[in-house]
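Keep the sequence and the model side by side.

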Amino acid sequence: MNKKVRTRKVSVNGHIVEVVTVSVFAKIVDRSKDTIFRWERSGVIPVAPFTVSKVRCYPLELCYKVAPIIMEWPKNRPPSAEDVVKITRLFNEEIKKYAS
């Protein structure tokens with residue numbers, strides 16, 4: 001999972017955060033960008049927490065935390081409820097780090 005990815009550093013409430021676009025997040029978790037958008041709409045994963053220049057972004061650290069969970073999901077079946085809860089918990093923990 002040590003893929004070289006294109007990132008941006010942004011300031012969020014005084015914290016410097018390395019972020020990636022939805023497309024890069026999709027590559028990290030080995031899914032399509034459309035799949036990520038579908039999962040966001042259906043609540044499988046939370047919506048990208050940051051918007052940078054009108055582009056939705058995920059913290060890179062979060063991507064690498066959720067990738068092992070997502071990569072275990074069969075591509076033709078929905079994830080388990082337990083995995084959805086784990087992903088949501090990881091998102092919430094990550095976002096709390098950047099709260100003012």
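Contact here means heavy atoms within 4.5 Å. The model is a predicted one.

Helix α2 spans residues 33-42. Which of its residues are buried? They are T35, I36, W39 and E40. Buried means under 20% relative accessible area. These residues cover an arc of only 140 degrees around the axis, so they sit on the same side of α2. An α-helix has 3.6 residues a turn, so residues three or four places apart point the same way. On the other side of α2, D34, R41 and S42 are exposed. What do the buried residues of α2 pack against? Their partners are α1, β4 and α3. Just after α2 comes G43, with a positive phi of about 85 degrees.

Now the sheet. Strands of a sheet pair through backbone hydrogen bonds, either parallel or antiparallel. Here four strands form an open sheet, and the pairing is antiparallel. The order is β1-β2-β4-β3. At the edges lie β1 (8-12) and β3 (50-52), each pairing on one side only. From one strand to the next, the twist averages 55 degrees.

Strand β4 covers residues 55-59, and three bridges join β3 to β4. The two run antiparallel. V52 has V55 in β4 as its bridge partner.

Next, the interior. In soluble globular proteins, nonpolar side chains tend to be buried together. The largest nonpolar core in this model has 25 residues. Which of them have the most contacts inside it? They are F25, I36, I45, Y58, V66, I70 and I87. Helices α1 (22-28), α2, α3 and α4 (81-97) each supply at least two residues of this core. α3 gives the most, with seven residues.

Leaving aside residues up to four places away in sequence, I87 touches V44, I45, P46, V66, I69, I70 and W73. A second core is separate and has eight residues. Among them are V10, V17, F50 and Y98.

Methods:
Residues numbered from 1 in each chain as written. Predicted model: local features only at pLDDT ≥ 70, side-chain atom pairs only at ≥ 80, totals over all residues. Heavy atoms only, no water. Pairing = 2+ DSSP bridges. Axes fitted to C-alpha atoms, helices over the stretch in contact; angles between N-to-C directions. Core = buried A, V, L, I, M, F, W, Y, C linked by side-chain atoms within 4.5 Å. Buried < 20%, exposed > 50% of the residue type's maximum accessible area, 1.4 Å probe, protein only. Arc of directions from axis to C-beta.
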